[in-house]
Amino acid sequence: MSSTGARRTLRVVLPVFATVAIVAPLTWMWLASRLPPTYSVMDMGYPDYGGVQPDLKMAEHAHGQPGHPSMPSRSITELIADPSRPAEVRVDLVARQQQPNDGRSLARYTLNGTSPGPEIRAIQGQLVEVHLRNESVTAGTTLHWHGLDVPNAMDGVAGVTQDAVTVGGEFTYRFVADHAGSFWYHSHQVSNPQVAGGLFGSLVVTPKAGIAQLLDVSAVAHTYGGVRTVNGKAEDLQVPARPGRRIRLRITNTDNGPMEVWASGSYRLLAIDGTDVHQPSEVSGRSLALTAGARADLEVQVPDDGSPARIQLSKAIAAIIGPRGSNAPLPPQPAEKLDPLTYGTPAPLGFDPARASRRFDYVIGRRPGFVRGRPGMWWSINGHIYPHVPMYVVREGDVVVTHIENRSSEVHPMHLHGHHMVVLARNDVRATGSPWWVDSLNVAAGESYDVAFLANNPGIWMDHCHNLKHSADGMVAHLMYEGLDTPYRIAGPEDNQPE
């Protein structure tokens with residue numbers, strides 16, 4: 001071949017090779033991101049054993065996924081409360097895809113005709129039984145008990161711990177309310193639109209000995225279609241109280257982003273995410289950040305002079321506590337914040353994080369790629385995008401330490417199902433106050449946290465961002481106990497879509 005012919009051939013061949021070099025990896029990534037019509041959460045991603053060698057040799061997984069450990073087939077459906085024990089608290093909830101009849105609410109979904117749904121109250125140690133019936137929610141629905149460490153089969157995650165309850169269907173949840181505190185319940189089937197649209201409610205567990213405060217009031221903050229509300233109403237919450245009375249105000253943030261809370265006077269932060277603060281002190285001139293999904297219990301005393309106490313739940317809405325009909329101007333938002341890292345005094349944890357048996361990383365990032373066949377910029381976990389995300393594997397009794405790091409440009413409210421985590425450090429600064437127990441942790445851009453928990457609640461648990469839009473875009477990992485499996489599948493005939 002002449003040199004001229006060779007050059008012509010190169011001019012044809014080189015662009016072809018260049019195109020193949022670009023298109024082939026993109027095609028592979030696109031194919032790898034596509035999900036089958038139905039799949040098990042057990043088939044997702046890769047196992048992370050936290051530095052521990054698995055006892056079980058690597059073999060083909062029960063669902064046929066190579067590279068996962070061969071697991072015994074004990075089903076999570078066995079993880080339930082005592083079936084022979086009678087319930088002390090029984091609640092019937094009917095889910096509807098409708099607007100409430102009050103003519104003011106912007107909710108698109110209701111439970112028993114209201115949004116929020118009915119508040120469920122129990123005494124610590126009681127067995128709670130909730131019967132859910134789906135009357136008209138076309139996508140199906142479930143109920144997740146946010147912050148209450150229920151048995152895994154009752155966790156309410158469609159495709160992981162149960163099938164979505166379809167129109168006309170029913171499901172009964174049973175669990176012992178063994179931890180006193182402020183919690184909430186919400187849908188975990190197509191959770192972002194359903195929670196935003198109103199499928200949620202408050203859950204309160206009071207201690208057997210009762211509460212010290214004379215008044216105990218819930219304030220559930222939610223934004224419907226851009227309108228800020230408390231307890232479903234776009235107006236301040238009025239709490240009638242005589243001068244000098246103390247109240248416990250249970251604040252729940254049901255939105256996707258953090259909210260600021262501050263008071264016209266002083267307050268004490270009694271509990272975070274349903275766990276009491278050890279020796280809380282009086283606070284004034286400081287606001288409290290409450291991340292998505294989180295709860296805070298404040299103790300507020302009505303001033304002796306008869307003026308009301310005002311607690312801002314963001315700038316838009318407040319709880320006003322005092323003589324009936326009283327009002328108070330909006331107090332200026334403090335420049336300083338209350339820091340749970342140093343608030344209160346130390347107390348025993350019940351385990352030693354320094355002797356952790358598993359250590360994990362949960363590094364949040366952002367990278368280009370394909371998710372479910374769609375190109376874009378996606379959230380990543382340890383450099384991987386959904387569904388190739390870590391499955392954090394533990395054994396019952398493990399002490400687990402996790403390093404959470406946010407290398408993205410947005411805040412992420414990290415929520416672990418079935419467990420409470422204690423904060424050990426933020427940005428390498430050790431915690432010195434009361435044990436800061438959380439199930440919903442606000443991790444701002446550039447922040448890192450070291451947290452620990454005791455693996456004492458076997459199951460397959462979601463570990464995800466509670467900005468539910470982020471979860472729907474793949475910011476989901478799972479905590480899995482060795483030796484467990486689930487019969488439920490994502491998508492499929494039931495169209496299970498947990499996010």
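Me: A residue is buried when its relative accessible area is under 20%. What makes R358 buried?

Reply: The model is predicted, and in it R358 has a relative accessible area of 0%. The cut-off is under 20%, so R358 counts as buried.

Me: How do you know that E482 forms a salt bridge with R358?

Reply: The closest N and O atoms of E482 and R358 are 3.9 Å apart. A salt bridge needs a side-chain nitrogen of Lys or Arg within 4 Å of a carboxyl oxygen of Asp or Glu, so the pair qualifies. The pair links distant parts of the chain: E482 is in the loop between β36 and β37 (484–485), R358 is in strand β25 (residues 358–371), and 124 residues separate them.

Me: What makes the contact of R121 and D216 a salt bridge?

Reply: Their side chains meet at 2.8 Å, N to O, and the limit is 4 Å; the pair therefore meets the criterion. R121 belongs to strand β6 (residues 117–123) and D216 to strand β12 (residues 215–224), so parts 95 residues apart in sequence are tied together.

Me: Why is R121 called partly exposed?

Reply: Its relative accessible area is 33%. Buried would be under 20% and exposed over 50%, so R121 falls in between, as partly exposed. R121 and D216 also belong to a network of salt bridges with E119, R248, R250, D276 and D297. The search of the whole structure finds 24 salt bridges.

Me: How do you know that E299 and R268 meet in a salt bridge?

Reply: The N to O distance between the side chains of E299 and R268 is 3.0 Å, against a limit of 4 Å, so this pair counts. E299 lies in strand β21 (residues 295–301) and R268 in strand β17 (residues 267–272), so the pair ties together parts that are 31 residues apart in sequence.

Me: What makes strand β22 largely enclosed by the rest of the structure?

Reply: Strand β22 (residues 309–313) has 5 of its 5 residues buried, so the rest of the structure largely encloses it. Both faces are covered, with A309, I311 and L313 buried on one side and R310 and Q312 buried on the other. For the protein as a whole, buried residues make up 55% of the 499 residues.

Me: How do you know that β22 pairs with strand β16, and what joins β22 to strand β23?

Reply: Pairing requires at least two bridges. Strand β16 (residues 259–263) and β22 have 3 bridges, so they pair, in the antiparallel sense. Here V261 stands opposite L313. β22 and strand β23 (residues 318–322) are joined by 4 bridges and also run antiparallel, with A319 as the bridge partner of I311. β22 and β23 form a hairpin with 4 residues between them, and S314 in the turn has a positive phi of about 80°.

Me: What makes β2 and β33 the edge strands of their sheet?

Reply: The open sheet has 6 strands in the order β2-β27-β36-β35-β29-β33, with mixed pairing. β2 (46–48) and β33 (440–443) each pair on one side only. Within this sheet, neighbouring strands are turned by 25° against each other on average, direction ignored. Strands β35 (residues 460–465) and β36 (residues 476–481) pair in the antiparallel sense over 5 bridges, and L479 in β36 is the bridge partner of W461.

Me: Why is the pair of W145 and F175 called tilted?

Reply: The centres of W145 and F175 are 5.0 Å apart and the planes are at 50°. Stacked needs under 30 degrees and edge-to-face over 60, so tilted is the term that remains. W145 and F175 are both buried. Ring pairs link W145, F171, Y173, F175 and Y185 into a cluster.

Note on methods:
Residues are numbered from 1 along each chain as its sequence is written. This is a predicted model: local features need pLDDT of at least 70, side-chain atom pairs count only at pLDDT 80 or more; totals for chains, interfaces and linings use all residues. Side-chain values use heavy atoms; hydrogens and water are left out. Helices (H or I, at least four residues) and strands (E, at least two) are DSSP runs, numbered from the N terminus. Axes are lines fitted to C-alpha atoms, for helices over the stretch in contact, and angles run from 0 to 180 degrees between N-to-C directions. Buried means under 20% relative accessible area, exposed over 50%, partly exposed in between (1.4 Å probe, protein chains only). Rings of Phe, Tyr and Trp (its six-membered ring) pair if their centres lie within 6.5 Å; planes under 30 degrees apart count as stacked, over 60 as edge-to-face and the rest as tilted.
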